[in-house]
Amino acid sequence: MFSNILKFLKSLNSNSHPGEIAHAICIGLILGFLPKDNAFWYILMVFFLFIRINKGSLLLFTLIFGLLAHNFDNQFHELGYYVLTLPSLTPIFASLLDIPFVAFTKFNNTIVMGSFCTSVACYIPVYGISRIFIKYWRAFLAPAVRKTKLITFLSKLPIIQKIGEMV
């Protein structure tokens, strides 16, 4: 966990493209909000691991958004119920249930559907905010943070230097 945080902080200051980090944050939002007890989450996780994004940021933000997700379960349920009971989509969902193994994705669960719809709707705004933050961090905040007494003190500690070498 600590190494993922360090990888994320390194990536903020490295030459990696800001879009890779911003996409990793957004994909972390999708994976963090989805419940982890269904095949849909595992299929998405494997798929996203093959995409060129910052993996440290992906794991860190999946954990962060996963810890926040239970606070929104009521909203996810309401949105998922609304989507699953739309008269125009009901035949599609009914036919999907007849396909073998599709039921293992639990797409017909209101919280799964609501969290997926919410995270997909939040993808573009979170991506834009992340890109702006990364540019602002690299231009203004990182140089100021590096000069603080706490960071200079922590960077001289041997254990921090060893952890930094491992990353």
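Q: How many disulfides does the model contain, and what makes a pair of cysteines one?
A: The count comes to zero disulfides, a disulfide being a pair of cysteine sulfur atoms within 2.5 Å. For C122, the nearest cysteine sulfur, that of C26, is 9.4 Å away, and C122 is therefore in no disulfide. This is a predicted model, in which local features need pLDDT of at least 70 and side-chain atom pairs count only at pLDDT 80 or more, while totals for chains, interfaces and linings use all residues. Residues are numbered from 1 along each chain as its sequence is written, and side-chain values use heavy atoms, with hydrogens and water left out.

Q: Why is C117 called partly exposed?
A: Buried means under 20% relative accessible area, exposed over 50%, and partly exposed in between (1.4 Å probe, protein chains only). C117 has a relative accessible area of 24%, so C117 is partly exposed.

Q: Why does C122 count as partly exposed?
A: The relative accessibility of C122 is 29%, which places C122 in the partly exposed class.

Q: Which helix holds V120, and why does V120 count as partly exposed?
A: V120 lies in helix α7 (residues 110-146), helices being DSSP runs (H or I) of at least four residues, numbered from the N terminus. V120 counts as partly exposed because its relative accessibility is 42%. The C-alpha atoms of V120 and C26 are separated by 8.8 Å, the two residues being 94 apart along the chain.

Q: Where does V46 lie, and why does V46 count as partly exposed?
A: V46 belongs to helix α3 (residues 39-49). With 47% relative accessibility, V46 is therefore counted as partly exposed.

How values were computed. Helices (H or I, at least four residues) and strands (E, at least two) are DSSP runs, numbered from the N terminus.
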